Amino acid sequence: MRKWQEEQQSETEPATNRLLFEELLGTFITFPHIFRDYRQRLDKSLFQDLWWVYEMMCEVEDEEGLSYRGLVSRAATPQIKRLQEIKNLGYNERRADILFKEIKKEQSAQQIRNMSLNTVACLDEGIDPDDVVRNLQKDVFTLYTTDTGELRDMKKQVDNYVERMMSIVKDPSIAYGMMTGITPMDRITTGWHRKELSVVGARTSMGKSAFMLENINRISSMGYKCAVFSLEMDYKPMYDRLMANKLNVNLREYRFGRLPRDVYEEMIKRKHEIDQIYIDDQRGVDSHYIADTMRRLKRTQGLDFVVVDYLQDVNERIEPGDNQGSALARVCRVIRKAAKDCDCHVMGLSQVARDAEKSQDKRPTNKDLSGSTGIETCADVIALLYREDYYNPDTPKQGVLEVNFTKQRNGEVGVVELKYDRKTQRITSLTG
């Protein structure tokens, strides 16, 4: 474990308003989920003699996800009291942006003062004024405001893009996402892609949970690390469905132990296939809890595919002027950013308004999603499920699940018809 030193290096520049950066550090410790958003724009020099707190925060974030407990476990005994004092200064996560800008402005002001002093000193020493101006111009153009930030290295960015494209030429599979093995669906999605948010919506009992668990089962069986945040269903019935699907047995009979003993012996042999799936069934969690847990899983176990069931059950704090769409949009933005940070795909299940059933064609559309404005803006993929036999028992389309891809930011839209066996909870291609 890294040993942190109490002795701090002295700074040659005048101190920034100390309370500002102490409060910013305290805000990061109290609300650790926001630290990642600011980290790339910060430098330990901003925090002067408390640079060690910022550096320790970076180490904890990289290893396990930032937490006060993680900081205390690495701190020397005299530093723990100082960490507690700093933590107590953080009381409102919305203050972070204000504090950050104030600190950066003071830093910019100090840089400008230093340039002025250096310019005067050069002139007093008799240096050619033209050389002084050239150096001053060079220094000025290295400055940037808190609004713009540093410019990106476009050459490096394009080089990375070209390198990736040449890798795809050698191995086209790189361009595909996580394939499920359900051919007609894989054909239209090209797999579930990393850094994207998909939303699967349908009315109750239409097959959302079965669709989600079928994807989890298939993707997990190919070695990908999967996680489910089940805000509605307890982990036990989820295991029932996962295992009934794998064993291809009647779910109801399986749940009540009515199947032959060899089925349950097979269950024991195959239990390792589902213990690789992380299931969190806590209720009342917010989007930041989900995002933080995803990041921790990514670091400790790996993470490729995540399901949130349901998006509308995520506990989002109500703000003035809120409606369901704006609150849900904030949830989707946080989760979608977590997908990018963790380099994984997130699938969110969504409820559909009852009004969808009032139309002659009861197939749901994007506007029927609960909080549709928030979802349509953030989602990379929207898939709506529909079963004709739910409304018409005499239809020839018995056991047919329609998956209507109504939005794909980087792909095609269209309808895929799959076979849905309600007894076993299995979803397969109609052709086998």
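Aspartate 159 and lysine 155 pair through their side chains in a salt bridge, at 3.2 Å from N to O; the term stands for a side-chain nitrogen of Lys or Arg within 4 Å of a carboxyl oxygen of Asp or Glu. Please keep in mind that this is a predicted model, where local features need pLDDT of at least 70, side-chain atom pairs count only at pLDDT 80 or more, and totals for chains, interfaces and linings use all residues. Residues are numbered from 1 along each chain as its sequence is written, and side-chain values use heavy atoms, with hydrogens and water left out.

**Salt bridges**

- Both aspartate 159 and lysine 155 sit in helix 8 (residues 154-170), four residues apart, which is about one turn of the helix. Helices here are DSSP runs of H or I with at least four residues, strands are runs of E with at least two, and both are numbered from the N terminus.
- Aspartate 159 is partly exposed at 41% relative accessibility, while lysine 155 is exposed at 60%. Buried means under 20% relative accessible area, exposed means over 50%, and partly exposed lies in between, using a 1.4 Å probe and protein chains only.
- A second pair joins glutamate 85 to arginine 82, with the closest N and O atoms 3.2 Å apart. These two are separated by about one helical turn, because they are three residues apart in helix 5 (residues 77-87).
- Glutamate 85 is partly exposed at 37% relative accessibility, and arginine 82 is also partly exposed, at 23%.
- Glutamate 402 and lysine 397 form another salt bridge, at 3.9 Å from N to O. Here glutamate 402 is buried at 7% relative accessibility, whereas lysine 397 is partly exposed at 31%.
- A network of salt bridges links Asp37, Asp292, Arg295, Lys337 and Asp341.
- Across the whole structure, a search finds 33 salt bridges.

**Helix 6 against helix 7**

- Helix 6 (residues 95-124) packs with helix 7 (residues 129-140) at an angle of about 165 degrees, their axes being 10 Å apart. That makes helix 6 roughly antiparallel to helix 7.
- Axes are lines fitted to C-alpha atoms, for helices over the stretch in contact, and angles run from 0 to 180 degrees between N-to-C directions. Angles under 35 degrees count as roughly parallel, over 145 as roughly antiparallel, 65 to 115 as roughly perpendicular and the rest as oblique.
- From helix 6, Met115, Thr119, Cys122 and Leu123 meet Pro129, Val132, Leu136, Asp139 and Val140 of helix 7. By class, this contact has seven nonpolar, one polar and one charged residues.
- The classes are as follows: Ala, Val, Leu, Ile, Met, Phe, Trp, Tyr, Cys and Pro are nonpolar, Asp, Glu, Lys and Arg are charged, and the others, Gly among them, are polar.

**Serine 287**

- Serine 287 belongs to helix 14 (residues 287-300) and is buried, with a relative accessible area of 1%.
- Beyond its neighbours within four places in sequence, serine 287 is in contact with Val314, Asn315, Glu316, Val331, Val334 and Ile335. Contact means heavy atoms within 4.5 Å.

**The chain as a whole**

- The chain has 17 helices and nine strands, and its C-alpha atoms fill a box of roughly 95 × 50 × 50 Å along the principal axes.
- Of the 432 residues in the chain, 44% are buried.
- Among contacts between residues at least 6 apart in sequence, 68% join residues at least 24 apart.
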